[in-house]
Amino acid sequence: MNGVHDMGGMHGFGPVDIERDEPVFHHRWEGVVRAMMQRTNGRYYNLDEFRHAVERMPSDEYLRAAYYERWLHAVETLLLEKGVITTTEVTDGHATHPAPEATRDTEPRPALEPRFQPGDRVRTRNIHPHGHTRLPRYARGRHGVIRKVYGPFRLPDANAHGDHHDWQPCYAVEFAARELWGDDAGRADRVCIDLWESYLELEDKP
Amino acid sequence: MSHDHDHDHDHDHHPEAPSPVEARALALESLLVEKGLLTSEEVDRIVSMYEHDIGPMLGAKVVARAWVDEAYKQRLLEDGPAAVKELGISYPAGTQLVVVENKQDVHNVIVCTLCSCYPWPVLGLPPTWYKSPPYRSRMVREPRTVLEEFNLTLPDEVAVNVWDSSSDVRYMVLPQRPQGTEGWTEEQLAGIVTRDCMIGVARPRIPAESAAR
């Protein structure tokens with residue numbers, strides 16, 4: 001989805017605010033949220049569903065919220081949607097239903113022949129799905145070169161929406177900064193992005 | 001000061017009323033505890049693990065070894081998880097770590113524009129700035145300007161490689177070993193490898209006192 005989470009290249013956020021000697025957690029509740037996520041991720045939802053639940057936050061709330069506030073929102077949203085907790089339980093502050101059986105991911109990673117090899121020239125597809133995707137907006141319809149081959153990994157676009165069987169090779173794809181940003185980008189600078197096979201079309205073999 | 005009295009939980013021993021987000025987090029925690037999905041010991045264990053056991057000292061150990069042992073460095077660049085395990089660092093099964101090496105003419109830096117993916121098994125949890133909109137939006141678009149905000153000015157002849165971590169592959173930067181560290185022990189070397197060096201927003205520096213010696 002073309003949400004505010006897809007920040008690469010956006011303007012207007014100002015300088016990077018660097019906190020010196022920052023603690024790992026600023027408040028105990030942040031650790032609580034982290035622990036709740038770690039104990040429920042992979043049992044009631046997967047990481048792609050989690051990321052998408054963060055992205056589904058209304059954009060003004062997303063930008064206002066601190067990092068662990070977004071996490072809390074996502075954990076709460078998913079536990080409600082998956083029936084692990086109910087709105088009544090949240091309102092009353094007491095559990096009245098036992099948690100459903102957790103799922104276990106036992107699907108083996110299939111052996112897949114990658115369609116592309118290092119050095120292949122590719123073009124990213126110009127897609128704007130309503131749902132989750134890991135092809136950032138700034139890299140759609142751009143020319144790049146395959147540098148590394150990974151996976152296969154589950155396609156996030158499917159895995160975030162109930163289809164957990166769409167395994168694909170994934171590639172580190174290198175783009176010239178000028179291909180992405182135009183002539184004021186550094187001449188030799190590059191951006192490398194991990195992209196799933198179905199995001200890519202072959203342009204040229206080396 | 002908050003005047004939010006909508007909730008009726010008894011947060012004992014709390015000096016002030018909790019903020020709304022804290023109250024929400026603690027309310028969800030107590031539901032999960034009641035349902036047997038979490039215990040407060042598990043929360044303490046997870047917090048303590050990130051506060052004490054997992055942090056940039058792990059990555060620094062890996063970098064120092066790579067600086068003194070060329071064969072190790074090659075294994076590290078080839079297969080990150082296997083190489084960090086050699087040093088007793090555990091790496092989650094089924095996930096990938098790719099170490100990218102800085103060279104005389106190439107500087108690497110990592111970011112996650114879509115969320116905040118970070119090589120936590122070797123660097124611990126990311127700093128707030130790494131997760132912030134300014135870093136996420138600008139590092140891919142104007143890396144040199146952002147690096148200057150970290151007091152790192154790169155000459156034009158050094159190419160910047162930005163790695164936008166969009167999959168579950170995690171990236172870590174292997175910085176260049178600085179001149180003047182010949183004969184240093186691995187422990188001394190690890191001491192100058194900071195978190196920021198392994199994200200790529202800094203270069204290792206020799207403290208003034210050792211340089212003078």
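Which residue in S3(B) is the bridge partner of Cys192(A)? It is Trp163(B), and the pairing belongs to a set of four bridges that join S4(A) to strand S3 (residues 159–164) of chain B, the two strands running parallel. Strands here are DSSP runs of type E with at least two residues, helices are H or I runs of at least four, and both are numbered from the N terminus; two strands pair if DSSP finds at least two bridges between them.

A word on the ground rules: this is a predicted model, where local features need pLDDT of at least 70, side-chain atom pairs count only at pLDDT 80 or more, and totals for chains, interfaces and linings use all residues. Residues are numbered from 1 along each chain as its sequence is written, chains are lettered from A and ligands numbered from 1 in the order in which they are written, and side-chain values use heavy atoms, with hydrogens and water left out.

Now for the interface. On the chain A side, 73 residues are in contact with 62 residues of chain B, contact meaning heavy atoms within 4.5 Å. About 6000 Å² is buried between the two chains, and carbon and sulfur atoms give 59% of that; buried area is the accessible area (1.4 Å probe) lost by two parts on being put together, summed over both. Val16(A), Arg134(A) and Arg190(A) supply 10% of what chain A buries against chain B, more than any other three residues.

Seven salt bridges are counted between chain A and chain B, each a side-chain nitrogen of Lys or Arg within 4 Å of a carboxyl oxygen of Asp or Glu. In one of them, Arg24(B) meets Glu76(A), with the closest N and O atoms 3.1 Å apart. Several elements of chain A each supply at least two residues of the side that touches chain B, among them helix H4 (67–81), strand S2 (143–154) and strand S4 (190–196). H1(A) gives the most to that side, with eleven residues.

Chain B, for its part, is divided into domain 1 (20–52) and domain 2 (55–212), with bounds from an automatic or database domain assignment. Their centres, taken over C-alpha atoms, are 31 Å apart.
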